[in-house]
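Please examine the sequence and the three-dimensional structure shown below before reading the report.

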Amino acid sequence: MENRLSLYNTLTRAVEPFVPREDGKVSMYTCGPTVYHFAHIGNLRTYIMEDVLEKFLRFLGYQVTRVMNITDVGHLTSDADTGEDKMLKGAKREKKTVLEIADFYANAFFSDCRKLAIKRPDIVEPATHCIDDFIRVIGALLENGFAYEAGGNVYFDTGKLENYYVLSNQKEEELAVGVRDSVEEDTNKRNKTDFVLWFTKSKFDDQELKWDSPWGLGYPGWHIECSCISMKHLGEYLDLHCGGVDNIFPHHNNEIAQSEAYLGHPWCKYWFHVRHLNDDSGKMSKSKGEFLTVSLLEKNGYDPLAYRMFCLQSHYRKPLRFSFEVLDNAAQAYSKLKKGFAALAEGEADEAAMAPYRESFIQALANDLNTSMALTVLFDVLKAPELSAGSKRKLAEEFDTVLSLGLLEEEKAAEVDAELAAWAEEQIAKRAAAKKAKDFAQADAIREELAARGIQIKDTREGTVWSVG
Ligand code: AMP
Ligand code: ZN
């Protein structure tokens with residue numbers, strides 16, 4: 001098939017034609033959330049833009065297989081392998097177990113995604129489900145000389161590589177590592193940039209989840225998780241790997257290092273990175289305490305899709321500054337769009353009249369995913385005097401398979417409600433079973449999970465009833 005998309009590739013530092021390995025098929029991997037807290041709207045900017053990319057690939061006719069991990073172990077508070085496991089920190093904060101925290105925040109993440117019309121990837125895999133895969137790959141890296149054991153941990157030896165800094169500028173990154181290392185230096189490392197594949201020793205020895213391995217009871221490092229989960233589901237070659245820019249170094253450099261050392265050939269061809277959403281105090285971050293979530297936007301009266309619109313109005317490679325003022329503008333533009341399309345009567349669509357608009361829409365997104373230009377085309381459709389109401393509706397429906405703004409809303413809203421209702425019923429049944437088994441902690445956790453998605457429950461003599469709000 002014709003490859004029309006051009007995309008900025010962090011690997012080559014250039015906008016280049018996107019040509020997958022196999023004609024018409026795309027394997028796509030996304031770094032998933034670390035589920036120790038709610039996602040902030042910065043994280044969700046990254047997932048929204050990745051969602052648009054996936055949907056545009058499908059729009060162009062590619063068969064996409066998208067995989068995402070859930071980081072539920074091994075992501076330490078510093079990316080330079082020092083500090084405490086973020087999951088354990090979350091568990092302590094809430095006096096729960098790591099797996100309870102993981103379950104709760106993974107559900108909260110997907111609930112936010114649903115509100116923002118972000119499609120669930122085809123395969124979602126928690127890291128804790130793949131321990132055998134990690135152990136197998138780490139074993140192979142030890143055997144082929146790219147890894148070594150020291151002080152109880154297994155490290156990747158970056159000194160064995162000709163060019164470790166494939167994705168980033170060496171000087172900048174050395175500075176960054178220098179800053180981190182001056183806080184805490186791991187003297188087991190042969191090279192400053194070496195990273196842990198498997199931990200058995202950490203100064204935080206109360207790590208909750210540990211597994212047997214040939215190197216002792218321990219847990220995997222964060223980087224190995226993504227390499228293995230990608231290879232497990234997408235094989236030895238990957239077309240497209242995504243994440244936020246903070247993932248470039250060290251996470252994605254390390255993923256490339258270990259995957260290619262293991263496979264013995266180049267691994268992933270295109271690297272797509274979304275710049276950060278910042279607030280007045282700088283980069284939005286979960287560890288900062290107070291942060292903006294989708295629920296908070298809703299509490300302030302915003303439709304989550306207005307935030308999606310806010311993101312689409314900017315290019316993914318530009319840093320985006322959040323302010324309620326700009327969100328208000330986006331919400332107004334969004335409401336104008338929705339009202340405009342809702343007012344259109346159903347009717348005949350005229351293919352010849354529609355074609356140039358469809359072409360402009362494709363050109364905008366094919367040019368390194370220019371979403372703001374795609375929105376301009378959408379507004380042009382609404383205004384176009386030569387387009388019939390039926391043609392406008394048809395184009396909105398087509399464009400919305402990529403933009404997902406719920407432009408022809410009513411039917412969509414009903415679908416989400418049905419999905420939510422089915423999920424609520426399922427959770428209520430699980431809660432009843434937990435109560436019967438006297439597992440009240442689990443029953444409470446389910447109640448909280450329901451509440452996180454806006455569902456209140458009441459136990460009555462006739463059974464549990466629920467309502468939204
Ligand atoms: P985490 O849950 O911390 O592992 O991050 C999930 C995703 O959000 C990753 O792809 C990060 O690169 C991305 N991310 C983190 N902070 C921001 C931010 N302020 N703006 C946009 N994306 C971010
Ligand atoms: Zn990753």
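This is a predicted model: local features need pLDDT of at least 70, side-chain atom pairs count only at pLDDT 80 or more; totals for chains, interfaces and linings use all residues.

Residues are numbered from 1 along each chain as its sequence is written, ligands are numbered from 1 in the order in which they are written, and side-chain values use heavy atoms, with hydrogens and water left out.

**Ligand 1**

Ligand 1 is surrounded by 17 residues, of which the closest are T34, G42, T46, D246 and K286; a residue is near a molecule if one of its heavy atoms lies within 4 Å of it. By class, this shell holds 4 nonpolar, 10 polar and 3 charged residues. In this classification Ala, Val, Leu, Ile, Met, Phe, Trp, Tyr, Cys and Pro count as nonpolar, Asp, Glu, Lys and Arg as charged, and the others, Gly among them, as polar. Helix α1 (41-59) and strand β10 (238-244) each supply at least two residues of the shell, and α1 gives the most, with 4 residues. Helices (H or I, at least four residues) and strands (E, at least two) are DSSP runs, numbered from the N terminus.

| Protein atom | Ligand 1 atom | Distance |
|---|---|---|
| N43, polar side-chain atom | oxygen | 3.0 Å |
| T46, polar side-chain atom | nitrogen | 2.7 Å |
| G244, polar backbone atom | oxygen | 3.1 Å |

The protein covers 95% of the 500 Å² of accessible area that ligand 1 has on its own; accessible areas come from the Shrake-Rupley method with a 1.4 Å probe.

C31, in the loop between β3 (25-30) and α1, and C226, in helix α6 (residues 222-234), are 195 residues apart and link distant parts of the chain. Both C31 and C226 are buried, which means under 20% relative accessible area (1.4 Å probe, protein chains only).

**Helix α9**

Helix α9 (residues 304-312) has 9 of its 9 residues buried, so it is largely enclosed by the rest of the structure. Among them are Y307, R308 and F310. At the start of α9, a side-chain oxygen of D303 comes within 2.8 Å of the backbone nitrogen of L305.

**Strands and sheets**

Strands of a sheet pair through backbone hydrogen bonds, either parallel or antiparallel. Two strands are counted as paired if DSSP finds at least two bridges between them.

One open sheet has 3 strands in the order β13-β12-β14, with mixed pairing. Because β13 (282-283) and β14 (320-321) stand at the edges with a single partner strand each, one side of each is left without a neighbour in the sheet. Strand β12 (residues 277-279) pairs with β14 in the parallel sense over 2 bridges, and L277 stands opposite L320 in β14.

Another open sheet has 4 strands in the order β6-β7-β8-β9, with antiparallel pairing. Its edge strands, β6 (147-150) and β9 (219-220), each pair on one side only.

Strands β1 (residues 6-9) and β2 (residues 14-17) run antiparallel and are joined by 4 bridges. They form a hairpin with 4 residues between them, and R13 in the turn has a positive phi of about 55°.

Conventions:
A polar contact is a pair of N or O atoms within 3.5 Å; within protein, one must be able to donate a hydrogen and the other to accept it, and residues adjacent in sequence count only if both atoms are side-chain atoms. Buried means under 20% relative accessible area, exposed over 50%, partly exposed in between (1.4 Å probe, protein chains only).
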